[in-house]
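Good morning, and thank you for coming. Please look at the display as I speak.

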Amino acid sequence: MASTSTTSQTGRILILIKPDAVERRLTGEILRRIEAKGYALTALKILTPTEEILAEHYAEHVDKPFYPGVVDYMTSGNVVAAVAEGRRVVEGVRSLMGPTDPTTAAPGTIRGDLGRDWGTPAILNLVHGSDSDESAAREIAIWFPELAD
C-alpha cells in the first residue's frame, strides 16, 4: 500500500472548479477524482470571483482580446477554489484534467469525460490547475492569502 505521509517533495496546486462545472453539479466528481488519485485536499472554499482577483490571477492575459470573455465567464457564478497536496501534484492533477480544449481532451480525463465545446466566447473547460510549482505558490497566495508561503 502506498504511503500517505508527506515528504520534502510534497507540493501544492491551486485548483479552480469553474462556474460551468459548479452549475452542472460536477464539483463532487472532480474533487473525487483528485482524491482518488491520492492527493489530499487541504483547503476549500466557494466564492464568486471579483474582477480584481481575476486580474491578479490572469495578470499575463489582462491586455489580450480574450480576457473580457474570461472575466465574464469566471464572474458568472460560483467557483470552488481548492488546494491539493502530494508528491508531483501539479503534474498529476494536470494529467487528470486533460488538455485545455475539452473537445480534444482524451477520455478518462476530467475535461475529456465531462466537458465539450458549448460555442461560447470563453472556453468552458470546467477546471483550472496551476501549471508549475511557482504558479501554484503565486495562485494560492491570491486565492488563499492565509496559506501564502
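Let us begin with the surroundings of H128. Leaving aside its neighbours within four places in sequence, H128 is in contact with L14, I15, L16, K18, H57, M97, R111 and E139. Please keep in mind that this is a predicted model. With E139 there is also a polar contact, made from side chain to side chain, at 3.0 Å.

Why begin with H128? UniProt lists H128 under "active site", in an entry that is unreviewed. That label comes from the record.

Is H128 buried or exposed? Its relative accessible area is 14%. Buried means under 20%, so H128 counts as buried.

In which strand is H128 found? H128 belongs to strand β4, and this brings us to the sheet. The sheet is open and consists of four strands, in the order β2-β3-β1-β4, with antiparallel pairing. At the edges are β2, residues 40–47, and β4, each of which pairs on one side only. On average, neighbouring strands of the sheet are turned by 20° against each other, direction ignored.

Let us now follow the pairs across the sheet, starting from the strand that holds H128. How many bridges join β1 to β4? There are three, and the two strands run antiparallel. Within this pair, I17 has V127 of β4 as its bridge partner.

The next pair is β1 with β3, again in the antiparallel sense, over eight bridges.

The remaining pair is β2 with β3, an antiparallel pair joined by seven bridges. In this pair, I46 stands opposite V80 of β3.

How much of β1 and β3 is covered? In β1, seven of the eight residues are buried. In β3, seven of the nine residues are buried.

Finally, let us turn to helix α5, residues 89–97. Which residues of α5 are buried? They are V89, V90, G92, V93, L96 and M97. These residues lie on the same side of α5, because they cover an arc of only 165° around the axis.

What covers the buried residues of α5? The cover includes the strands β1, β3 and β4, together with the helices α2, α6 and α7. Just after α5 comes G98, which takes a positive phi of about 85°.

To close, I return to H128: a buried residue in strand β4, with its side chain in polar contact with that of E139. Thank you for your attention.

Definitions and conventions: Residues are numbered from 1 along each chain as its sequence is written. This is a predicted model: local features need pLDDT of at least 70, side-chain atom pairs count only at pLDDT 80 or more; totals for chains, interfaces and linings use all residues. Side-chain values use heavy atoms; hydrogens and water are left out. Buried means under 20% relative accessible area, exposed over 50%, partly exposed in between (1.4 Å probe, protein chains only). The arc is that of the directions from the helix axis to the C-beta atoms. Contact means heavy atoms within 4.5 Å. Two strands pair if DSSP finds at least two bridges between them. Axes are lines fitted to C-alpha atoms, for helices over the stretch in contact, and angles run from 0 to 180 degrees between N-to-C directions. UniProt positions are given in the numbering used here, feature names are shortened, and annotations may be inferred rather than shown by experiment. A polar contact is a pair of N or O atoms within 3.5 Å; within protein, one must be able to donate a hydrogen and the other to accept it, and residues adjacent in sequence count only if both atoms are side-chain atoms.
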